[in-house]
Amino acid sequence: MAVQRRNTRQRQLVLDTVRATSEHPTADEIYSAIRKVDEHVSRGTVYRNLNLLAEEGVIQTIKTPGGSRFDWNCSEHAHIICTTCGKVADLSLPYDKGLDTKATQDSGFSACSHYTLFEGICPECAGR
Ligand SMILES: [Zn+2]
Ligand SMILES: [Zn+2]
């Protein structure tokens with residue numbers, strides 16, 4: 001039972017860390033943040049919990065050129081990545097289901113979905 005309780009606590013710690021930021025952190029960034037709170041949590045534990053939470057749909061994974069980012073906001077929303085510093089921000093663009101239908105018709109693939117990732121230079125980098 002002690003193991004079970006620890007697992008639950010570590011899972012909650014991972015989830016809380018993802019929910020504490022809107023910066024779309026990488027797994028490594030989440031791991032670093034958790035180590036500041038609890039130095040006994042291993043990298044493997046953090047990665048395993050992130051993947052489980054994403055599989056369960058509690059958080060979502062965003063594919064970016066630098067690797068996967070994690071987002072507590074599971075709604076379908078678009079992202080923009082800074083080509084200079086790699087910062088990822090949310091965009092409130094509507095999800096276009098019509099594109100999925102078109103992709104299905106054109107390709108013959110089923111269960112089509114898409115994600116939208118814009119590139120640009122963030123205000124901080126542009127102001128430098
Ligand atoms: Zn930037
Ligand atoms: Zn997001």
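**Close-up 1. A hairpin joins β1 to β2.** The link between β1 and β2 is a hairpin of 2 residues. β1 covers residues 60-64 and β2 covers residues 67-71, and the two run antiparallel, paired over 5 bridges. Strands here are DSSP E runs of at least two residues, helices are H or I runs of at least four, and both are numbered from the N terminus. Two strands count as paired if DSSP finds at least two bridges between them. Look for T64, which sits opposite G67 in β2. What you're looking at is a predicted model, where local features need pLDDT of at least 70, side-chain atom pairs count only at pLDDT 80 or more, and totals for chains, interfaces and linings use all residues. Residues are numbered from 1 along each chain as its sequence is written, while chains are lettered from A and ligands numbered from 1 in the order in which they are written.

**Close-up 2. Three strands make an open sheet.** The 3 strands come in the order β4-β3-β5, with mixed pairing. β4 (88-91) and β5 (117-120) are the edge strands; each has a single partner, so one side of each has no neighbour in the sheet. From one strand to the next, the twist averages 30 degrees; angles run from 0 to 180 degrees between N-to-C directions, and axes are lines fitted to C-alpha atoms, for helices over the stretch in contact.

**Close-up 3. β3 has a partner on each side.** β3 (residues 78-82) pairs with β5 in the parallel sense over 4 bridges. On that side, I80 faces F118 and C82 faces G120. β3 and β4 run antiparallel and are joined by 4 bridges, with H79 opposite D90. The β3-β4 hairpin has 5 residues between its strands, and G86 in this hairpin takes a positive phi near 85 degrees. In a regular strand, side chains alternate between the two faces of the sheet. Buried means 20 or more other C-beta atoms within 10 Å of the residue's own, exposed means 12 or fewer, and partly exposed is in between, with C-beta atoms placed from the backbone.

**Close-up 4. α2 packs against α3.** The two helices meet at an angle of about 125 degrees, with their axes 10 Å apart. That makes α2 oblique to α3, given that under 35 degrees is roughly parallel, over 145 roughly antiparallel, 65 to 115 roughly perpendicular and the rest oblique. From α2 come A27, I30, Y31 and I34, which meet R43, V46, Y47 and L50 of α3. Zoom in on V46: beyond its neighbours within four places in sequence, V46 is in contact with V14, A27, I30, Y31, I34 and V41. Contact means C-beta atoms, placed from the backbone, within 7 Å.

**Close-up 5. The largest nonpolar core holds 9 residues.** The members are V14, V18, I30, Y31, I34, V46, L50, I59 and F70.

**Close-up 6. A54 belongs to helix α3.** A54 is partly exposed, as it has 17 other C-beta atoms within 10 Å. Setting aside neighbours within four places in sequence, A54 is in contact with I59, Q60 and T61. C74 is 20 residues from A54 along the chain, and their C-alpha atoms are separated by 9.4 Å.

Definitions and conventions
Core = buried A, V, L, I, M, F, W, Y, C linked by C-beta atoms within 7 Å. Contact = placed C-beta atoms within 7 Å.
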